[in-house]
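Hi,

Here is the structure I promised to send over. Have a look first, and my notes follow below.

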Amino acid sequence: AQKGAEAMRKFEPDCIIALGGGSAMDAAKIMWVMYEHPEVDFYDLAMRFMDIRKRVYTFPKMGEKAYFIAVPTSAGTGSEVTPFAVITDESTGTKYPLADYQLMPNMAIVDADFHMTAPKGLTAASGIDAVTHALEAYASMMATEYTDGLAIEALKNIFEYLPRAVENGQDIEAREQMCYACFLNGIAFSNAGLGNVHAMAHQLGGLYDLPHGVCNAMLLPIVEEENAKQAPAKFRVMAETIGMDVEGKTDEECMDFVIGKIKELSERVGIPKTLSELGVENPDFETLAENSMKDACAGANPVFFDKELLIKLFKKIA
């Protein structure tokens, strides 16, 4: 990001086009900030807040030098319509989620033609990231009727179309519907926030250089089991959305159905289940847990996870 910003300052573009997946779009957002405001301190920008509408640090005004256009080539992060940019400090392995509405792109061009040649692994990992966005935005402490509608519509689409997009990358309908779901999710969690799946996945990805969507997929079932205890009504709606006849069913049955479907979807699209499958042996549970509690996404989770619980959950996927 620093090298990109340095290159920008040499020729002073008046338009920045971010073409790529979430990492590429996020990196471009950081370059945009560093290009327009070389005087700002990155760690001030990265300061953690539960709600980005209530910051004590004023983010610099963006768009005074360059117009920002985001063109996603994967259906997962929704970065093209979010005020977020996640970046890793390569010297420490720490992932920093930057959050401010100044980071919203000026324009998003969402075109499934850019997705047609994405490999299966990328399609699967990005798609499970989108599942996580839908579930976390819907269960979030900051969720509203507005964000709920977006998240539920996205969830329905992903469960229907992600397997098709993975199994046949040339299925244009599946690709378009995944683009649509990802876009809806982006708007949903821009307003509702995320939760502990992302807070924990950021640590795994940053420390061990693992794909973000894969980390989410491994953590999603075990984190949502904890969250479901606090938000049973929401899990009932989720269960109905992805195919369960909920009439006469208990809250526990609805929760089990949702968790089972998440695991089934991850397995169907070929996501690993454990860190050892990804070559991570003897993970540092203490550091992972401590950093998860500091992550900006943790604040909106419907249940507070203390260090002991976080360690216990990380051990489940070791």
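α4 passes α6 in a left-handed crossing (left-handed if the near helix is turned anticlockwise from the far one by less than a right angle, right-handed if clockwise). Contact here means heavy atoms within 4.5 Å, and the residues involved are T123, G127, A130, H133, A134 and A137 of α4 with R175, M178, N185, A188, F189 and A192 of α6. They split into seven nonpolar, four polar and one charged (Ala, Val, Leu, Ile, Met, Phe, Trp, Tyr, Cys and Pro are nonpolar, Asp, Glu, Lys and Arg charged, the others, Gly among them, polar).

Before I go on: this is a predicted model, where local features need pLDDT of at least 70 and side-chain atom pairs count only at pLDDT 80 or more, while totals for chains, interfaces and linings use all residues. Numbering starts from 1 along each chain as its sequence is written, and side-chain values use heavy atoms, without hydrogens and water.

Now the strands (DSSP runs of E, at least two residues, numbered from the N terminus). In β1, residues 15–20, I16, A18 and G20 point to one face and are buried (under 20% relative accessible area, 1.4 Å probe, protein chains only). β1 pairs with β2 (residues 67–72) in the parallel sense over six bridges; pairing takes at least two DSSP bridges. I17 has I69 as its bridge partner in β2.

Lastly, I271 is buried too, at 9% relative accessible area. Beyond neighbours within four places in sequence, I271 contacts A124, A125, I128, V214, A217 and S266.

Cheers

Note on methods: Buried means under 20% relative accessible area, exposed over 50%, partly exposed in between (1.4 Å probe, protein chains only). Helices (H or I, at least four residues) and strands (E, at least two) are DSSP runs, numbered from the N terminus.
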